[in-house]
Amino acid sequence: MYCVSGYGKRLHNQWSRTKWGELGGKVVDSPPTIYDVAELAGVSIATVSRAINSLDSVRPATRAKVMAAMDELDFVPNVVARGLSSGKHWILGLVFMRAPVDGSVLGVEEASLLYTDIVIRGAETRAAEHGYSLLLSSAYDTHPSGMTALLSLTGTVDGLILLDRVLSNDEDLAFLAKRISVVLLAGKGDSDSAVTIRVDNEHAMRTLAEHLVKVHGITSVGFVAGSHDSPDSVARVVAFRQAIEELGATLKEVDLLESDWTSAGGEVAMQARLNQPDPLPQAFACANDQTAVGVIYALNAAGLKIPDDVVVTGFDDITLTRYFNPPLTTIRQSGGLLGEAAVDALVAMLDGSAVVNRTVVLPTELVVRGSCGCVTETDTKSPLADLVTIRSEVS
């Protein structure tokens, strides 16, 4: 809430009495204050404070009067005072992995500004709805002060959202979580220190494997993974391999390729595989859509057609996938929903008014398009957000 002190009120009254000033003539008006808003709205200062902080104790009609007065006076709330009285900064931190610079700005843009940008947009929108600002920061896995940088944020923000691979050490996570509320985006969901928001990788990869084997009769597959230290990448490899083997198909070690989540990495991984003497499998599933872009590029450069020679699928369903030629069969997950769910969980932890689920698993959906050989697309745009439960209300 906003801080109102007796000393401040006396200063305001004194200024009101001397508006014309002892020096003669009218002086320049000071910015409107909470007292001016209260007087114009015909309510108490405490009511104005509650209305600004959106407390339920204020009737809608009263809040509307206060908001109208603020608008008429061009009143800007004092966020510093709000933080002092509430003990909050009203800022949430979001930390993502910085892409390595290999002499190409394009490489950084590709790794940072597609899927991660969607997550950030979702988080920013939801944070604003809760009355918070979102502070962005990046981490680099080779930087020696990674943990120090995270700890420095604890004095600036109320809670932290950490994206995939920002903090993989359990001991470091426990140390950080003792000082600030933490939400992880990705992970196994077995952390006692933080809330984990992740997608249902297991269901996603099984659904994809069943489609490839049962619908297209594929018996040999490959997989192009993301970063080896990424929980999401590891989970997708394990789930896909298990499902494929249970369905009677094969995934050879030579066809298990490692990339780095980027198109360039996917291209390099597939070029290296093409140099091997072993025949290619019938299909390659990729850990994300950006990797699939590079894989398709390398296959096309080698004279192979998608899906006639090799089937390729992705994961994420970024906007560009439907414009590929052929359009990319992929697993849809909502990056925006991931960001929203992370903010909801973090705010619930800060409020302490609800029991927050320690692990929130977001749904996924198989989107069938031309790159797997299907003629008819199944793009239903189902409301994934309706299937998410962040917290259980305390009775």
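Visitor: Is R121 buried, partly exposed or exposed?
Guide: In this predicted model, the relative accessibility of R121 comes to 53%. Exposed residues are those over 50%, and R121 therefore counts as exposed.

Visitor: Which side chain meets that of R121 in a salt bridge, and how many residues apart are the two in helix α7?
Guide: The salt bridge joins R121 to D117, with 2.8 Å from N to O, and D117 counts as partly exposed at 22% relative accessibility. Both belong to helix α7 (residues 115-129), where about one helical turn separates them, because their spacing in the helix is four residues.

Visitor: Where do D255 and R273, which form a salt bridge, lie, and how far apart in sequence are the parts they tie together?
Guide: The closest N and O atoms of D255 and R273 are 2.7 Å apart, and both residues are buried. D255 sits in the loop between α11 (231-246) and β7, whereas R273 belongs to helix α12 (residues 263-274), so the parts tied together by this pair are separated in sequence by 18 residues.

Visitor: Which strands stand at the edges of the open sheet, and why is one side of each left without a neighbour?
Guide: The sheet consists of four strands with parallel pairing, in the order β7-β6-β8-β9. Each edge strand has a single partner strand, so one of its sides has no neighbour in the sheet, and these edge strands are β7 (256-258) and β9 (311-313).

Visitor: Which residue in β8 stands opposite F223?
Guide: Strand β6 (residues 221-225) runs parallel to strand β8 (residues 283-286), and four bridges join them. Opposite F223, the residue in β8 is A285.

How values were computed
Residues are numbered from 1 along each chain as its sequence is written. This is a predicted model: local features need pLDDT of at least 70, side-chain atom pairs count only at pLDDT 80 or more; totals for chains, interfaces and linings use all residues. Side-chain values use heavy atoms; hydrogens and water are left out. Two strands pair if DSSP finds at least two bridges between them. A salt bridge is a side-chain nitrogen of Lys or Arg within 4 Å of a carboxyl oxygen of Asp or Glu. Buried means under 20% relative accessible area, exposed over 50%, partly exposed in between (1.4 Å probe, protein chains only).
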